[in-house]
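Thanks for coming. I have one model to go through today, and I will keep it short. Please have a look at it first.

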Amino acid sequence: MTNRGLDANNSLSTSTLKLWAIIAMFCDHFGYLTEAWDAAYYEWPWFLMHAFGRLAAPIFFYLLALGYRRTRDANRYTLRLLAFALISYVPYVWYFYGAPPNVQNFLELNVIFTMLFGLLLLRAIHEVRNPWLKVLLIVLCLVFGYFCDYGLYGLAMILVCDLTRDSRRGTVLGMAAMMMVYVYLRTSGFFPADASPLDYIPILIENPLRLHRTIVYLCQLLSLILIVRHKVWAKWGGAEPKPGFLAKWGCYIFYPAHIAALLVVRLTVF
């Protein structure tokens with residue numbers, strides 16, 4: 001892979017990459033506004049929103065791994081994620097699971113929790129020297145991460161981005177492999193156990209809902225186009241202009257704010 005992707009005229013800054021992820025995330029979450037869960041993947045306007053929305057999570061996981069390597073204070077980074085994960089907790093559960101936190105849904109944790117446990121996982125791997133404590137912390141991160149949005153898949157994506165940080169090709173191939181495993185796990189129940197790969201296309205064509213869901217899951221792969229164009233890809237420790245307030249805090253603030261706003265619209269309009 002050449003360095004053309006790092007050319008200033010053919011690349012994306014970190015702030016621009018975040019903006020793409022924020023827009024995709026909003027489209028995805030807006031698609032759940034009416035609570036018509038099946039229609040969300042079947043009807044064309046909602047289907048397109050969710051397809052575009054699949055770009056968000058891989059970008060956020062990539063940026064989390066990048067942020068860990070570039071942060072000057074990992075403790076403050078951790079506390080910042082914890083604070084916004086907690087702020088987002090109630091509106092997230094209420095919006096996506098139809099009720100305020102209760103005994104049935106209190107363990108449904110938002111994606112900032114995923115990023116938090118992903119960061120703690122990286123810190124356990126790179127910063128903890130005691131092998132027994134390292135193993136314990138890794139296991140705890142995996143256990144708690146299981147209950148988060150994207151679950152162990154999200155943690156695995158963060159880990160892949162960290163392990164392949166010095167190789168553009170390695171990161172692309174690693175993330176693509178993880179995405180395809182995710183697609184397989186999410187769609188494996190669509191097909192009879194005795195179906196061969198040649199049977200998949202007719203089965204999907206006969207069931208538009210399954211076809212649309214499969215396309216939505218596959219659209220994650222498009223996020224790699226944006227990640228490849230991130231201009232600091234090969235310079236994980238390289239310098240970028242110091243981010244302003246919006247560039248640094250905008251994404252954190254927007255996450256709970258837009259979910260709370262969508263929740264208010266649902267409760268008052270629908």
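First, the conditions. This is a predicted model, in which local features need pLDDT of at least 70 and side-chain atom pairs count only at pLDDT 80 or more, while totals for chains, interfaces and linings use all residues. Residues are numbered from 1 along each chain as its sequence is written, and side-chain values use heavy atoms, with hydrogens and water left out.

Now the core. By nonpolar core I mean a set of buried Ala, Val, Leu, Ile, Met, Phe, Trp, Tyr and Cys residues joined through side-chain atoms within 4.5 Å. Buried is under 20% relative accessible area, exposed is over 50%, and partly exposed is in between, with a 1.4 Å probe and protein chains only. The largest such core has 64 residues, and L81 and M175 have the most contacts inside it. Elements giving two or more residues to this core include α1 (14-30), α4 (56-70), α5 (74-97), α6 and α9 (168-187). Helices here are DSSP runs of H or I, at least four residues, and strands are runs of E, at least two, numbered from the N terminus. The largest share of the core, 11 residues, comes from α4.

What does L81 touch, leaving aside its neighbours within four places in sequence? L81 is in contact with L64, I112, M115, L116, L119 and Y252, where contact means heavy atoms within 4.5 Å. There is also a second, separate core of 5 residues, and F190, F191, A195 and I203 are among them.

Next, helix α6, residues 111-127. The expected span of a helix is 1.5 Å times one less than its number of residues. At the start of α6, a side-chain oxygen of N110 comes within 3.0 Å of the backbone nitrogen of I112.

Helix α9 has 20 residues and reaches 28 Å from its first C-alpha to its last, close to the 28 Å expected. Its buried residues include R168, M175 and Y182, and the buried residues of α9 pack against α4, α8, α11 (208-218) and α12. A177 is also in α9, but counts as partly exposed because its relative accessibility is 42%.

On to the aromatics. Rings of Phe, Tyr and Trp (its six-membered ring) pair if their centres lie within 6.5 Å; planes under 30 degrees apart are stacked, over 60 edge-to-face, the rest tilted. The count is 19 aromatic pairs. One cluster consists of Y32, Y92, Y95, F96 and Y97. R266 lies over the face of Y95, 4.2 Å from the ring centre. The rule for a charge over a ring is NZ of Lys or CZ of Arg within 6 Å of the ring centre and within 35 degrees of the ring normal. The charged end of R80 likewise sits over the ring of W249, at 5.4 Å from its centre.

Last, H29, in helix α1. Is H29 buried or exposed? It counts as buried, because its relative accessibility is 8%. The side chain of H29 makes a polar contact with that of H258, at 2.7 Å. A polar contact is a pair of N or O atoms within 3.5 Å; within protein, one must be able to donate a hydrogen and the other to accept it, and residues adjacent in sequence count only if both atoms are side-chain atoms.
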